[in-house]
Amino acid sequence: MEWDDEVDVVCAGAGAAGLAHAIALGDLGGEVFLADWGVAERSWLGADTEDECTRRFFAEMTSDLGPPRRQSDDLGVPVRAVPSHPPADTGRTVAPFVGSRLRDWAAQCLATPFGYLSTRLPDWSATTVQASDDQILEVLEIGALAADSDDLSGSVVDLLTNGVAARGIAVHADHALQRLVFEEGVAVGAVFTTPGGPTAVRARHGVTVTSGAMELPQADGRSVSGDILRVCLVGQRASRFGRVEVLTAEPLALSGSTCHARGRRLHDNLRETYRHSGSWRCGKLHGYPSLGE
């Protein structure tokens with residue numbers, strides 16, 4: 001296949017999660033292709049794509065989730081409390097892997113316009129934390145806000161939009177996802193429909209699919225406690241789904257026994273190929289990936 005461009009990660013959709021991924025990749029020294037199709041879709045996976053293999057991939061990834069159940073409160077940015085001083089990790093136990101929790105998590109991410117799906121498990125640096133509800137999260141901090149806004153979602157999107165602009169990251173407008181490109185079961189890029197014709201972009205580290213430009217809800221007047229509100233990309237181990245969240249706690253400790261950074265491979269080996277990624281063959285996805293895949 002002839003490619004028009006090659007980057008580390010392709011972001012299909014310039015919603016909050018697409019902007020956050022672009023910032024994260026830029027700060028890691030990576031290249032990102034940020035495509036904006038200009039419309040926030042209620043169900044952004046496979047919206048308007050006519051490619052059978054791409055639609056089947058999205059269908060397989062969400063087959064056990066049922067239809068998205070977006071409520072009015074799902075439109076606002078998710079907020080989560082994380083203890084400032086989580087219990088010490090002795091390193092002797094490992095949190096159990098529960099598939100149903102990943103299913104519930106994926107459904108939550110799919111329901112919010114702040115969610116995303118990656119075609120491969122992220123391999124950038126993330127910090128493992130335990131939230132107040134005992135969930136084990138993989139967190140990558142993007143920026144911070146003061147806890148004095150009556151329009152939290154708007155403030156988050158403004159922070160992300162300004163962050164992309166400050167880093168000089170181009171937003172390719174009117175680029176609608178036409179299809180994902182697979183080689184030997186691995187998503188290696190995406191083709192976009194543009195006013196000037198199809199554009200094919202190769203992705204060394206996978207494709208991230210998010211909502212398009214966001215239609216924000218009216219300010220809901222939510223009162224959020226905490227001296228520092230951290231805007232983060234949040235995922236769960238072994239899940240390709242995630243979302244942008246606001247965490248109410250002190251800044252993450254990136255060293256010590258309570259939190260640890262995982263998977264710094266992207267920063268060190270940013271130009272490696274996709275050979276370590278999990279594979280998917282059209283119509284042959286077998287459940288969730290194993291740990292570390």
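Me: What does "buried" mean in this predicted model?

Reply: A residue is called buried if its relative accessible area is under 20%. The model itself is predicted.

Me: What makes Ala238 buried?

Reply: The relative accessible area of Ala238 is 6%. The cut-off is under 20%, and Ala238 is therefore buried. This residue is found in the loop between strand 13 (229-235) and strand 14 (241-248). Ala238 also has a positive phi of about 75°, although it is not a glycine.

Me: Why are both faces of strand 3 called covered?

Reply: In a regular strand, side chains alternate between the two faces of the sheet. On one side of strand 3 stand Val32, Leu34 and Asp36, and on the other Phe33 and Ala35; all are buried. Five of the five residues of strand 3 (residues 32-36) are thus buried.

Me: How do you know that strand 3 pairs with strand 2 and with strand 8?

Reply: Pairing requires at least two bridges between two strands. Four bridges join strand 2 (residues 9-12) to strand 3, and three join strand 3 to strand 8; therefore both count as pairs. Strands 2 and 3 run parallel, as do strands 3 and 8. Val9 has Val32 as its bridge partner in strand 3, while Asp36 stands opposite Ala173 in strand 8.

Key: Residues numbered from 1 in each chain as written. Predicted model: local features only at pLDDT ≥ 70, side-chain atom pairs only at ≥ 80, totals over all residues. Heavy atoms only, no water. Helix = DSSP H or I, 4+ residues; strand = E, 2+ residues; numbered from the N terminus. Buried < 20%, exposed > 50% of the residue type's maximum accessible area, 1.4 Å probe, protein only.
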